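Me: I am new to this structure and would like to learn how to read it. Please take the features in turn, with the general idea before the case.

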Amino acid sequence: MSRKDDYEKKAEELLAPIVASRGFELVDVEYVKEAGTWYLRGYIDKPGGITVNDCEDVSRAFSDRLDACDFIEDSYIMEISSPGLDRPLKKEKDFARSMGKLLEIRTYRPVEKQKEFYGILTAYDDNSVTIQEEDGQKRSFDRKEIALIRLAVIF
């Protein structure tokens, strides 16, 4: 397990009970380096959406737990936020919640000369995702070929 994976796993173990105690859902935890700075981010959600006050409350409690455990060697910025409308689908519960909804899928390599697809999620499993495109055609993707999969946001 990489250091990044280890940090994310430990942070999730600390954050999950804090989030659950407030009746929220822990969507994801990530430890990433952006422009030379490390960020530890926790994404939380609840029916009706997360507020700034929700994020602040969880952030304070999580910060105290992080300080007590002090397992991250690097200096970093910790953030708690809503995952947003365009959050990627990562976990089984994300796919289950998105059944019958319009998705955007981006592939690593072109498929029939394109890398971006839109369609209604009709099926998924550990290895593949199937959508029904606007023309009624069903298209399946191997999960290893998918660079990004998320709910489509249409304006």
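**Reading the chain**

Reply: Read along the sequence, the protein chain runs α-β-β-α-β-α-β-β-β-β-β. Helices (H or I, at least four residues) and strands (E, at least two) are DSSP runs, numbered from the N terminus. The protein chain has three helices and eight strands. This is a predicted model, in which local features need pLDDT of at least 70 and side-chain atom pairs count only at pLDDT 80 or more, while totals for chains, interfaces and linings use all residues. Residues are numbered from 1 along each chain as its sequence is written, and side-chain values use heavy atoms, with hydrogens and water left out.

Me: What does the C-alpha trace span along its principal axes?

Reply: The C-alpha trace of the protein chain spans about 55 × 35 × 30 Å. Contact means heavy atoms within 4.5 Å. Among contacts between residues at least 6 apart in sequence, 51% join residues at least 24 apart.

Me: How many of the residues are buried, as a percentage?

Reply: Buried means under 20% relative accessible area, exposed over 50%, and partly exposed in between, with a 1.4 Å probe and protein chains only. Of the 155 residues in the protein chain, 37% are buried.

Me: Which residues have the most contacts inside the largest nonpolar core?

Reply: In soluble globular proteins, nonpolar side chains tend to be buried together. A nonpolar core is a set of buried Ala, Val, Leu, Ile, Met, Phe, Trp, Tyr and Cys residues joined through side-chain atoms within 4.5 Å. The largest one here has 22 residues, and those with the most contacts inside it are Leu-15, Leu-40, Ile-44, Val-58, Phe-62 and Ile-80. Two or more residues come from each of α1 (3–21), β1 (25–34), β2 (37–45), α2 (52–69) and β3 (76–81). Helix α1 gives the most to this core, with six residues. Another core, of eleven residues, lies apart from it and includes Phe-95, Phe-117, Val-129 and Ile-146.

Me: What does Met-78 contact beyond its neighbours in sequence?

Reply: Met-78 is placed in strand β3. Leaving aside neighbours within four places in sequence, Met-78 is in contact with Leu-40, Ser-59, Phe-62, Ser-63 and Leu-66. The C-alpha atoms of Met-78 and Ser-63 are separated by 7.8 Å, although these residues are 15 apart along the chain.

Me: How many disulfides does the structure hold?

Reply: A disulfide is a covalent bond between the sulfur atoms of two cysteines. The test applied is a pair of cysteine sulfur atoms within 2.5 Å. The structure holds zero disulfides. As for individual cysteines, Cys-55 is buried at a relative accessible area of 14%, whereas Cys-69 is partly exposed at 38%.

Me: Is Glu-133 buried or exposed?

Reply: The relative accessibility of Glu-133 is 13%, so this residue counts as buried. Glu-133 is in the loop between β6 (128–132) and β7 (138–142). Not counting residues up to four places away in sequence, Glu-133 touches Phe-117, Tyr-118, Gly-119 and Arg-139.

Me: Is Arg-150 buried or exposed?

Reply: Arg-150 has 16% relative accessibility and therefore counts as buried. Arg-150 lies in strand β8 (residues 146–151). The residues touched by Arg-150, not counting those up to four places away in sequence, are Asp-86, Arg-87, Pro-88, Leu-89, Leu-103, Glu-104 and Arg-106.
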